[in-house]
Amino acid sequence: MNAHAQVINYQYDSLPVVELLSEFRKTSTDRKKIMRLLELDWPFALDVSRRASELLSGSLLAGNQRLVFHCLDQALNAYGRAALKPDHLRLVAFCETLINGVARAICSIRLSDQEGNSWTIEKRQPLSLWLREHAAEAIHIEVVAHEEQGERYRSAEEIIKSMVLSPTVREIIEDREQ
């Protein structure tokens with residue numbers, strides 16, 4: 001599935017992030033081995049997954065799959081493909097794929113409630129938190145047209161990095177270039 005090429009739909013889901021990640025584990029039986037390896041290699045990668053899940057919530061869907069599950073699956077696939085590379089490059093593969101997937105999927109959407117309050121990634125607020133603060137059952141989703149989609153994507157990517165990656169993870173990722 002190519003989430004950023006599909007229509008992103010909204011269906012309210014109040015599932016807490018811990019339960020959302022537990023559901024992901026249960027529905028991703030083919031990823032369990034890779035997830036265990038990731039957790040053993042980089043225990044704080046769980047925080048990255050948790051923050052990405054808070055950012056997206058379980059309410060955005062690509063087709064019939066939660067968008068966050070699609071992004072996590074893609075990141076785990078990248079981690080698995082990097083299995084023979086040095087440890088830090090596996091972490092880079094996981095984090096960069098996760099961030100890129102999230103950025104592609106949400107850089108051009110806006111959610112609005114009935115009172116005209118809206119959420120975009122530029123708000124720098126996790127969607128799950130915004131939904132708790134608004135009439136989450138009556139949310140409208142729209143695609144925001146932008147002439148400079150590439151610039152908007154890069155901006156979204158930087159915002160997501162700041163929201164999802166801890167300073168330690170950012171340092172490891174930045175060190176890969178040395």
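Predicted model: local features only at pLDDT ≥ 70, side-chain atom pairs only at ≥ 80, totals over all residues.
Local features need pLDDT of at least 70 and side-chain atom pairs count only at pLDDT 80 or more, while totals for chains, interfaces and linings use all residues. Residues are numbered from 1 along each chain as its sequence is written, and side-chain values use heavy atoms, with hydrogens and water left out.

**View 1. The packing of helices α4 and α5.** Helix α4 (residues 67–81) packs against helix α5 (residues 87–106) with the axes 8 Å apart and at an angle of about 150 degrees. The two are therefore roughly antiparallel (an angle over 145 degrees). From α4, residues including Leu67, Cys71, Leu72 and Tyr79 take part in the contact, and α5 contributes, among others, Leu91, Phe94, Leu98 and Ile106 (contact means heavy atoms within 4.5 Å). By class, this contact has 14 nonpolar, three polar and one charged residues.

View 2. Ile160 belongs to helix α7, which covers residues 149–164, and counts as buried because its relative accessibility is 1% (buried means under 20% relative accessible area, with a 1.4 Å probe and protein chains only). Not counting residues up to four places away in sequence, Ile160 touches Leu55, Ile99, Val102, Ala103, Ile106, Ile121 and Leu165. Glu122 is 38 residues from Ile160 along the chain, and their C-alpha atoms are separated by 9.4 Å.

**View 3. The surroundings of Ser112.** Ser112 is found in strand β4 (residues 109–112), and with a relative accessibility of 12% Ser112 counts as buried. When neighbours within four places in sequence are left aside, Ser112 is in contact with Asn117, Ser118, Trp130, Ala138, Ile139, His140 and Glu142.

Note on methods: Axes fitted to C-alpha atoms, helices over the stretch in contact; angles between N-to-C directions. Helix = DSSP H or I, 4+ residues; strand = E, 2+ residues; numbered from the N terminus. Parallel < 35°, antiparallel > 145°, perpendicular 65-115°, else oblique. Nonpolar A, V, L, I, M, F, W, Y, C, P; charged D, E, K, R; others polar. Buried < 20%, exposed > 50% of the residue type's maximum accessible area, 1.4 Å probe, protein only.
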